[in-house]
Amino acid sequence: MMFIKRMKMKSLLLASLLFALGCTACGATGENRLIYDDGVAREMLVDALKAQKITYRIDAAGGVWYPAKDEKAVDEIAKKIILARFSGFAASFEEAVDVVSFRGKLSKAGIPYKTILQHGREWTTWEKSDDARVKVIQEEVENENMERAKSARQREKSPG
């Protein structure tokens, strides 16, 4: 009888261990999702995933799910897609004031631009021929941003 109890206890411990390992493995093999509003970009992603033999699935909303372990490879693919879709001449800003300033300066300089939504962010794109002039404007906007941040820090430090 004691032998049977030991066997049951060992079996229970083994089953518990296997269950715990299985749960750990499930968590470690999670998935990430990319969603593109741009159908062409989504097709480019799927083609690249196939070429690199990265498993994927597409949900009803058009989101592309892939194994979390492949995150670095997929990030590289996504960067290449952005560059390909924008011909490499694009900028995105975190703060709305910077977007408004950037686009206003482009318009004032007579530089045509387009906007594209990608990865949940709005990007401003321009032609290669305007790149040198746009880089100067982009630097101005970034300097404005740094000055605003510096002023905000000074206001926080100064007493009431």
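Helix H4 has 13 residues and spans 18 Å from its first C-alpha to its last, close to the 18 Å expected at 1.5 Å a residue. That makes a handy starting point for a walk through this model, which is a predicted one.

**Helix H4 and what follows**

Who sits inside H4? The buried residues of this helix are Asp-98, Val-99, Ser-101, Phe-102, Arg-103 and Leu-106.

Which residues does Arg-103 touch, once its neighbours within four places in sequence are left aside? They are Tyr-113, Thr-115, Glu-122, Trp-123 and Thr-124. Past the end of the helix comes Gly-110, which follows H4 and has a positive phi, near 75°.

**H4 against H5**

Two packed helices are described by the angle between their axes and the distance between the axes. For helix H4 (residues 96-108) and helix H5 (residues 131-157), the angle is about 150° and the axes are 10 Å apart. The crossing of this pair is right-handed. On the H4 side the contact is made by Val-97, Asp-98, Ser-101, Phe-102, Lys-105 and Leu-106. H5 contributes Val-134, Ile-137, Gln-138, Glu-140, Val-141, Glu-144, Asn-145 and Arg-148.

**Helix H5 itself**

H5 has 27 residues and reaches 39 Å between its first and last C-alpha, close to the 39 Å expected at 1.5 Å a residue. Its buried residues are Asp-131, Val-134, Ile-137, Gln-138 and Val-141. What covers these buried residues of H5? The cover includes strand S4 (90-91) and H4.

Asp-131 is part of helix H5. Is Asp-131 buried or exposed? Its relative accessibility is 17%, and therefore Asp-131 counts as buried, since the limit is under 20%. Not counting residues up to four places away in sequence, Asp-131 touches Phe-89 and Trp-126. Asp-131 can also be placed relative to Ile-111: the two are 20 residues apart in sequence, and their C-alpha atoms are 9.6 Å apart in space.

**Two loop residues**

Gly-30 has its place in the loop between helix H1 (2-28) and strand S1 (31-34). The residues that Gly-30 touches, not counting those up to four places away in sequence, are Tyr-66, Pro-67 and Ala-68. With Tyr-66, the separation is 36 residues in sequence and 8.6 Å in space, C-alpha to C-alpha.

Lys-53 is found in the loop between helix H2 (39-51) and strand S2 (57-58). Lys-53 has a positive phi of about 55° although it is not a glycine.

| Residue | Relative accessible area | Class |
|---|---|---|
| Asp-131 | 17% | buried |
| Gly-30 | 24% | partly exposed |
| Lys-53 | 74% | exposed |

**The chain as a whole**

Stepping back, how many helices and strands are there in the protein chain? The chain has five helices and six strands. Along the sequence they follow the pattern α-β-α-β-β-α-β-α-β-β-α.

Of the 160 residues of the protein chain, 28% count as buried. The accessible surface of the chain comes to about 11,300 Å², and carbon and sulfur atoms hold 59% of this surface. As for contacts in the chain with a separation of 6 or more, residues 24 or more positions apart account for 63% of them.

Notes. Residues numbered from 1 in each chain as written. Predicted model: local features only at pLDDT ≥ 70, side-chain atom pairs only at ≥ 80, totals over all residues. Heavy atoms only, no water. Axes fitted to C-alpha atoms, helices over the stretch in contact; angles between N-to-C directions. Helix = DSSP H or I, 4+ residues; strand = E, 2+ residues; numbered from the N terminus. Left-handed = near helix turned anticlockwise from the far one by under 90°. Contact = heavy atoms within 4.5 Å. Buried < 20%, exposed > 50% of the residue type's maximum accessible area, 1.4 Å probe, protein only. Areas by Shrake-Rupley, 256 points an atom, 1.4 Å probe, with all protein chains shown as cover. Expected span 1.5 Å × (residues − 1).
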